Amino acid sequence: MATSTAAPRHSCAKLSVAVEDPKAGGGGAVFVKATWHPTRFSLAVTDGGAAWVAQASDAEVRLRAEQWDQPVADYLALAERYLAFQQPSSTYSFHDAANGNRRLSWTFEKQGTKLEWRWKLQPAPNTQQTIAEILDFLMDANIRLSEEVVRKTQSFDKLKQESEKCLQQSERFNIEKAEFEQSTFSKFVAVLNSKKAKLRQLKDKLTEFESADKAPKEEDENSTDKTELFEEASDKDASVNDEPSETGGGDLHSSPEKTAATSRGGRGRKRTRK
């Protein structure tokens with residue numbers, strides 16, 4: 001099957017384990033290196049002085065999964081979860097199983113029930129090689145993590161520099177914005193004051209124009225009143241001259257026709273006397 005040829009995954013975890021006899025050697029902590037295949041897995045465990053291995057075949061994994069009413073994939077995923085990383089809620093133990101064998105066990109909860117899985121490990125055929133493989137894997141993982149840390153640190157430093165540049169640029173933009181607003185406001189105030197001054201000048205000119213236009217009108221009105229008074233006085237004088245004398249014996253004032261005739265008669269008399 002294609003799934004059986006998939007690339008295996010590797011993990012290595014330091015597990016704090018309990019021992020039957022605290023005074024016995026080999027207790028406290030172990031390193032568990034696991035290789036995970038689609039339908040099986042293998043374990044290599046060391047406490048620093050000895051090493052043990054276990055090969056969980058396809059048949060064994062399938063049998064264990066059936067006993068727990070689980071698909072093979074779910075069984076392997078749960079085992080990898082507890083052996084690739086130490087789970088705080090789980091209790092790990094690494095006990096003697098006679099004849100140099102060891103039993104690695106861990107607990108977990110399922111539907112409120114605390115369960116325990118166990119796997120028996122045999123002494124490694126070549127202890128030094130097994131320990132060296134575990135140490136090599138840990139060193140390689142440490143190198144990869146160190147390189148990743150360096151890359152992350154460099155990326156962080158780069159982002160920090162860009163952030164500082166952005167901050168400086170933002171501060172410069174804020175200063176330029178404030179200067180632009182101040183300059184624009186000053187220009188606006190100057191233009192506004194100029195407009196106000198211009199409006200005041202126009203208002204003063206309008207007032208002067210209205211005052212100058214009002215004076216001739218008053219003079220015309222005064223002259224018209226004087227003319228009317230003069231005409232009324234003339235009419236009164238004329239009416240007085242045209243009235244007859246109340247004493248009777250003739251007109252007190254002769255009419256223009258009479259005055260003209262008398263004047264002509266007088267001149268004729270003067271000429272005859274000569």
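This is a predicted model: local features need pLDDT of at least 70, side-chain atom pairs count only at pLDDT 80 or more; totals for chains, interfaces and linings use all residues.
Local features need pLDDT of at least 70 and side-chain atom pairs count only at pLDDT 80 or more, while totals for chains, interfaces and linings use all residues. Residues are numbered from 1 along each chain as its sequence is written, and side-chain values use heavy atoms, with hydrogens and water left out.

**View A. Arg9 and Glu80 form a salt bridge.** The N to O distance is 2.6 Å. A salt bridge here is a side-chain nitrogen of Lys or Arg within 4 Å of a carboxyl oxygen of Asp or Glu. The whole structure holds six salt bridges. This pair links distant parts of the chain, 71 residues apart: Arg9 sits in strand β1 (residues 9–17) and Glu80 in helix α2 (residues 72–84). Helices (H or I, at least four residues) and strands (E, at least two) are DSSP runs, numbered from the N terminus. Arg9 is partly exposed, at 43% relative accessible area. Buried means under 20%, exposed over 50%, and partly exposed in between (1.4 Å probe, protein chains only).

**View B. Arg151 pairs with Glu148 in a salt bridge.** Their N to O distance is 2.4 Å. Both residues lie in helix α3 (residues 127–241), three residues apart, about one turn of the helix. Arg151 is partly exposed at 46%. Glu148 is partly exposed too, at 30%.

**View C. Glu148 also meets Lys152 in a salt bridge.** Here the N to O distance is 3.7 Å. Glu148 and Lys152 are four residues apart in helix α3, about one turn. Lys152 is exposed, at 54% relative accessibility. Shared partners join Glu148, Arg151 and Lys152 into one network of salt bridges.
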